[in-house]
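The sequence and the structure are shown below.

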Amino acid sequence: MSSSWTDTSGLFVRQNTDIAPENANTAGSIIPASVPDWNNLNVIHRNTLPPRSHFFLYETAEDALSRDVSRSKSQLLSGKWRFHLSPSPLEGPSDFYARGYTALASAPDWKPIDVPGMWQCQGFGKGPQYTNINFPFPVDPPRVPIDDNECGRYVTQFFLSPGDEDHQLRLRFEGVDSAFTVWVNDYEVGYSQGSRNPSEFDITNYVNLEARNVLYVEVYQRCNGSYIEDQDQWWLSGIFRDVWIHKFPKTHFEDLHIQTILDDDYKDATLAVDLKINGAAEVTLRLLDADGNQVGRKVKAGEGSITFELPTSSPCKWTAETPYLYSLLLESSGCVLAERVGFRRTELIDGVWSVNGQPVKLRGVNRHEHHPDSGRAVPYEWLKRDLLLMKTHNINAIRTSHYINDVRLYELADELGLWILDECDLECHGLFVVGGDGDKFTSDNPDWEDSYIDRARQMVMRDFNRPSVILWSLGNESGYGRNHDAMYQFIKSLDRSRLIHYEGDWNAKSADIVSRMYHSIGDTEQYAKDRNWNKPVVLCEYVHAMGNGPGAIKEYIDLFYQYPRLMGGFVWEWANHGLRTNTKDGEEYMGYGGDFGDDPNDYNFVLDGLCFSNHTPTPGLIEYKKAIEPVQTLGAEDDGRVRIVNRYDFVSLDHLRCRWWVVADGASVTGGFVGIPKGIKPHTEALVEIKVQPNFYAADSHLNLEFTLATSTNWAEAGHIVATGQVQLTQPLNIRSLQLRAPPGNHPTATLTKPTVLSIASPNGPRWDFDLAIGALRAWTHPCSPDINILTEPLRFALYRARTDNDRGCDFGRNWIDRRLNQAQGHLVEASWSSKPDEGVVEIVVKDRIAPPVFNWSLETTTTYRFTDSAVHIHVHAKPAGNLLPRAWARFGLVTAVRGCTDVKWFGRGPGESYRDKKMSQAVGLWKRPVDELFTDYEFPQDSGNRTDARWVEFLPGGEGNGDDRRVVRARWGAFEGASFQALKYSDRDLDECKHPYELHKRRREDTVVHLDWMHHGLGTGSCGPETLPAYTLDAGKDIDVEVVLD
């Protein structure tokens, strides 16, 4: 085999030039005749053009400034193509490029396919496969299996025009997974790999200007590059981004690099433009402001390259909060290029990461490319909706995990204002679970240096000009070795204006910042407190957002703002990656690992985002928005004014309005708008003049603040809620104040209707049946419906909850199963009762032992039930006993099921679900919702729908009106802190046993399962990260003393 060395933008890449003939030996043969390109580490690209920045050329300045690519000198080839799939590249019509378009398009085994698209998402091949770490094929780098490597062959036609004569015609693929060979009109054009990177070929000499042209593409499911593309996502294949023909005129711009060099006062700047031209030309540079006014102009002539330096006085600066964009026009004869420019400077100042001289905090997310129907082939409108959703939820940064994204994402980020941590298409996590030294396979193997550097080069060359890109990243979870250092040095040779990130380099030898994943609050604070540091710390992944969670976000955010060294972080991750599919009965659901017959798989770990798979917000995203809101309400001062803090990095709060009102249990004050002090500097506090007077308000009053946009932006309308605040003004009433005596003549009476059933009734009130044999309330009837028992299950104690993803992923959830907490139930020790006419009550005292089989641990309870004419007051004292107690209770409360409940009304946090460490987004107030709206239908069933910090809750029947006569039942906790309730159509067992929503929905009950909890264990982020913090842990080793009133 022969080879050559080609210089491509300063990096030498070895390229295979020996193409084995179709029939190399008729007397005998070896299959394959030579090492295929896709298994040849020496072949990364063949006959590709050097990587360049992303741009379109236009005929006129007007067309260029429109940024309408349909007016550019280009031709989009995306659309319906024809497709054939074979089990391997050695099978099927390997000579398809010689058969002609008509023959292939009419052949029955050549089917229509969408380009862009993933073939597995269009019904071809073995189907999607999900792994987090493991390779789904035998590990033997750099070789992938020859016989287990699906091969997709594509064909389409296109026509050119005589006007394309004297143009260089560049065939550009924005993304093909994982490698491909290209033919045009029977001519082999070249080969390329690097799934998420663009590839460009010169096809000028292969096309017809006056006849049909045929494009043939052979795509390989796997190649040696797959070993460094082991990201946590679906394994999918195909031409998944757009395909273009760029038509560059005879003399044209080939590339450009733009830099904005701000002076040390961050006031004035120099616009530096390095322009590469394929010949000699005179070029006019113009800089226009956002209104189209000319700011500067220069004209220079040159050959091969031209450098412009344009001094610019006091330009508007680009930041994620002030995304001001200038337009740069470069004009030569018949060739115009427009690019947008954002003036900004990134650097470390005394070790603190800063932009334009100001420290910046990253309130970010990791974002994979995902669509529930088309996989990584993401439509533009879907992409735009993602970014708008981020902006409206206070997110200011994206880590492109773990590859460069669709270039349109960066253009939108420039417009809308989002910081981008741009990451190379590089991860080889699976090499570290096969034994031996994982680094030696690729990262610390000199044979792979070219492949690693190619990933860095493709990223930097394409995205160099994007103002939103403020950090480069060398990839993800690939250990650390010499090739990372080579990437670092290569990037620095091209760009010294940006810092470089790589989490795998724990000592930051080849990185400018220290990066960590899933560090605990304590570990993060230890880094922040280190006195000897010169590099900042970023959490590139934290608060793993899988299922019901994340818990304890606020604690991280407060640390970021407390310590200058901390840059902020990126939540893992933006959205679930479920793929829409159907059961055999046609029921739709979002599939995860294993749902497509894929083995090995990593199950539902692909469902770990702040958004559901349809990219609508989960409760976790609502909580994240609250935690990172740029205006935080700190509390009320002694003089009644309210203290707030501006957590923006660059702007004041002058663009916001503030509205206030007061809510209380049973009363409210309308309030109005209040002025925000002008010019509040970033990261500083201020006082808002509301003059709240707590003594004027009813018990349990709360001041609410709402900060909204005063005017519309390009990402939200005026009135959009940016931040909210709540300050408690008065304390709630104690539960003792709720325990009223029955009026004379209306005292309850008790009768033993059966040897172990005590019936309690009052003349005008409800009737209760208490089962003394099990120590539980079994029946409750109202006077208006004396024959209807509202309880479909006895009122019992509950210690367990259906496990969340975060429970299952950490020791708490495993411990609950190991200690059989899910099987614990009450066992009667003793029950006694007595009538107390002087007190107007019937009293039952039950001693119970809540315990599981097998073990001898228990929770010993003494429960006093005091029945009045209309209510039952319940007091519980509980004491843990025995050996091998669980580490924590999942909950401590009562559970029953009631009939006839359609709506729920409560005073507490709402309207959405909340838990003790995921509640700040839900304000205390008076709320009412249908039962069905209280349930969060997670794509993997688990506990959901809790509402915490409840003072009282009413379960209501359907129909009009309110009042005690319509109430099914009410629970009141008084001033007790942390009480919560659930009202669901499913039991804990249902939620635990079902693995998909469609399975769960079949178990929907007519009655409503009601949990009334005094205490509930926090959620944490234990699915991949720290378990529930001690402050939110429901310690199983402590005594409990609690009360509730039911009526």
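Helices (H or I, at least four residues) and strands (E, at least two) are DSSP runs, numbered from the N terminus. The model is predicted: local features need pLDDT of at least 70 and side-chain atom pairs count only at pLDDT 80 or more, while totals for chains, interfaces and linings use all residues. Residues are numbered from 1 along each chain as its sequence is written, and side-chain values use heavy atoms, with hydrogens and water left out.

## Helix α12

Helix α12 spans residues 811-818 and is followed by Arg820, whose phi is positive, near 55°. In α12, Phe812, Gly813, Asn815 and Trp816 are buried (under 20% relative accessible area, with exposed meaning over 50% and partly exposed in between; 1.4 Å probe, protein chains only). These residues lie on the same side of α12, because they cover an arc of only 160° around the axis, the arc being that of the directions from the helix axis to the C-beta atoms. An α-helix has 3.6 residues a turn, so residues three or four places apart point the same way.

The cover over the buried residues of α12 includes α11 (805-808).

## Helix α6

Helix α6 is formed by residues 449-463, 15 residues in total. From its first C-alpha to its last it reaches 22 Å, close to the expected 21 Å; the expected span is 1.5 Å times one less than the number of residues. Of the 15 residues of α6, 14 are buried, so the helix is largely enclosed by the rest of the structure.

## The parallel sheet

An open sheet of 8 strands runs in the order β31-β30-β29-β28-β27-β34-β33-β32, with parallel pairing. Two strands pair if DSSP finds at least two bridges between them. The edges are β31 (499-501) and β32 (514-517); each has a single partner strand, so one side of each is left without a neighbour in the sheet. On average, neighbouring strands of this sheet are turned by 25° against each other, direction ignored.

Within the sheet, β29 (residues 419-423) and β30 (residues 469-473) pair in the parallel sense over 4 bridges. Ile420 has Val469 in β30 as its bridge partner. Helix α10 (residues 619-627) packs on the sheet and touches β27 (362-366), β33 (537-542) and β34 (566-571), where contact means heavy atoms within 4.5 Å. The direction of α10 makes about 160° with that of β27; axes are lines fitted to C-alpha atoms, for helices over the stretch in contact, and angles run from 0 to 180 degrees between N-to-C directions.

## Strand β39 and its partners

Strand β39 (residues 656-664) has 7 of its 9 residues buried, so it is largely enclosed by the rest of the structure. It pairs in the antiparallel sense with β42 (residues 702-709) over 8 bridges, and Arg657 stands opposite Thr708 in β42.

With β40 (residues 667-674), β39 pairs in the antiparallel sense over 6 bridges. Trp660 has Gly672 in β40 as its bridge partner. The hairpin of β39 and β40 has 2 residues between the strands, and Gly666 takes a positive phi near 100° there.

## Arg972

Arg972 is located in strand β58 (residues 969-972) and is buried, with a relative accessible area of 15%. Its side chain is joined to that of Asp1047 by a polar contact of 2.9 Å (a pair of N or O atoms within 3.5 Å; within protein, one must be able to donate a hydrogen and the other to accept it, and residues adjacent in sequence count only if both atoms are side-chain atoms). Leaving aside neighbours within four places in sequence, the contacts of Arg972 include Ile735, Leu738, Trp952 and Val1044.
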